[in-house]
Amino acid sequence: MRNSLAPLFIIAVLAVSALVGSQGADEKTTAIAVVKTPPFAGGNRYYVSNRAPLLPSPLVKLPIGSIEPKGWLLGQLRLMRDGFTGRLAEISRFLKDDSGWITLKGKGWEEMPYWLKGYGDLGYVLKDKEIISKAKRWLELALESQQSDGYFGPVDNRENHDLWPNMVMLFALRSYHEATGDARVLSFMTRYFRYEKDIPDGELLPGSWQKLRGGDNLEVVYWLYNRTGESFLLDLGRRLHERTSDWTSSVLSDQRDKNWEESSFYHGVNITMGIREPGIYYQQAKDGTLIDALEANYKRIMEAYGRQPGGMFGADENIRPGYQDPRQGAETCSMVEFMSSFESLLKITGAAGYADRCEEIAFNSLPASMTPDLKGLHYLTAPNLISCDSTGEHDFQNGGTLVSYDPWSYRCCQHNVAFGWPYFAEHLWMGTSDDGLAAALFAPSTVTARVGDGAEVRISEDTAYPFGDVIDFTMGTAKPVEFPFYLRIPSWWDGGSVSLNGEALEANPRPGEYLVIRRKWKEGDRLRIEFRPQIMVQTWPTISNSVSVRRGPLWYSLKIGEQWRRYGGTDEWPALELLPTTAWNYGLDVDPLDPAATIRIESRKEPIDQPFEPEASPIVLKAKARKIPSWTAEGRMVGKLPPGPVAADVAVEEITLIPMGCARLRISSFPLVKK
Ligand SMILES: [Zn+2]
């Protein structure tokens, strides 16, 4: 049985195919359909799609710069610019003039490319001249470093047969080409991949991180093939797949459970990156069992370690057998890498479920990994986290400070976090193989793209989503143009409406699929989708029967009083602890089958530029709860969830729940109170 996310080669119109009467005498009719994915056949005429014999692309990435974020998403990107991504060179020892990426002699590993991969994209998305110019300095250094046999970058990596840092740099160069069209990138990559082609098997991805992460290399090989069509790239692609660790077999095993500390397969960041490798190779192999295999691994991992809100799984360095509850953290690198994997799989398969997974992490987990001003971050974020202090009084695999917000101490995450929001913004809209557009991820934005017969349209997406329940798409076009508009229907869809120019469309959207509206679009046409998400309570039977509150794309956490305290750093770049000032040990007094009886929306407001903090929460819920006196802290860590339902012979209180992404101190999985 195929997994529901597996793509279909032949797209069936599944539920509805209707013609809606025109609203004006001169208008063409509007055809509406529901499809699992955009079609694979065809090929977008205006944007680079997969080239034969690769699997045709149902969704095609638009050139960077086509999508302009607005509202709260623009707010995040501007905070990045003014915070640790835009100004990282001030504080990172890896971005100084003794970097191996400058001298080519000393050490130059993943850190600079990690940062540049996001920093450059931040500049292209914001069209920020200063960032673009500063990024170009590092890109030029990489281009200039190329040797006669095609190798580039620091020689230490070459001597260690370590391709990993260059894989990251290839992403930075890919974006640079997409944003500028600089043709040097294509010849540079061609020479580099010829160098890779000539590496003997025994020295190609011999071990260590690169072996787990070969899918990243493979992704850029296909990107180049689509632009040059050189067949040696497909041979290289096959070899890279064969030399990369096997991500088609079960990631979890008894043997790895025994050696969890040593297993690279149990490292959270490796999993969030590696899991997509079979999906990348699927473009060449066209074997649906590859998608089945990666889906089976996703399911295994999430069922064992991801029974918690926020889209992540517990791996506070590695997965630790027996540590499955929501106080286990996920590394910030894991969040942005998991998001990126789902963005890639969304493009390759067209399956809308990957957009849901990406949004869940972006809206619920990622924001809490950083201070509201995006000047500090921490290594680990957990759904239940009651103290972001600098002590080691937490039960994590690593010792030392892991949850305090410190711009100085988290080497990889500090650099790698840079690409999270820019990549998210770049994948909001995508071209389709039938020369249409898909609204794939949702956030306030404007897209400019060529569609239909080649006309350029400019669509404004106005919304407070994920905090608001309405999205308005307004068409801007110089002349009427016919094309299909693919509207993603989230998997949590439980009713709502879609209207065009104020008239309800006779559509019957299915969760996790797309509504396709094909018509001759004209200036000012307004498509509106209105969600009607209900407050839901998710029970986690294997996690002490705990419960979590969800409404649409957002999970909700207990609002805990915050005390920020500086413990290090500088005035400009402080290292901060975040400590609780109010009680956190509440169980929810709720009937999971009837949440509305005890949980209600108290207030709503428009999101500001930085909505991800407690006082700015655009939605606030109130819920009935009781304190659980026996549920206490273990050191600075929240105690294990008591097995529920829990008897609580104390008075009912009304507690405040805020979106999980707004809560850096948080209880997101609650004990269930016994009736
Ligand atoms: Zn990291």
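**View 1. An aromatic cluster.** Trp72, Phe363, Trp421, Phe424, Phe442, Tyr465, Phe467, Trp492, Trp493, Phe531 and Phe612 together make up one aromatic cluster. The model is a predicted one, in which local features need pLDDT of at least 70 and side-chain atom pairs count only at pLDDT 80 or more, while totals for chains, interfaces and linings use all residues. Residues are numbered from 1 along each chain as its sequence is written, and side-chain values use heavy atoms, with hydrogens and water left out.

**View 2. The aromatic pair of Tyr151 and Tyr192.** The structure holds 40 aromatic pairs. Tyr151 and Tyr192 form a tilted pair, with 6.5 Å centre to centre and 55° between the planes. Rings of Phe, Tyr and Trp (its six-membered ring) pair if their centres lie within 6.5 Å; planes under 30 degrees apart count as stacked, over 60 as edge-to-face and the rest as tilted. This pair links distant parts of the chain, 41 residues apart: Tyr151 lies in the loop between helix 4 (129-144) and helix 5 (155-159), and Tyr192 in helix 7 (residues 184-197). Helices (H or I, at least four residues) and strands (E, at least two) are DSSP runs, numbered from the N terminus. Tyr151 counts as buried because its relative accessibility is 1%, and Tyr192 is buried at 0%. Buried means under 20% relative accessible area, exposed over 50% and partly exposed in between (1.4 Å probe, protein chains only).

**View 3. The aromatic pair of Trp421 and Phe612.** Trp421 and Phe612 form a stacked pair, 6.4 Å centre to centre with 25° between the planes. The two residues are 191 residues apart, and the pair links distant parts of the chain: Trp421 in helix 18 (residues 420-426), Phe612 in the loop between strand 23 (599-604) and strand 24 (619-627). Both Trp421 and Phe612 are buried.

**View 4. Charges over rings.** Arg213 lies over the face of Trp164, at 4.7 Å from the ring centre. The charged end of Lys375 sits over the ring of Trp573, 4.7 Å from its centre. A charge sits over a ring if NZ of Lys or CZ of Arg is within 6 Å of the ring centre and within 35 degrees of the ring normal.
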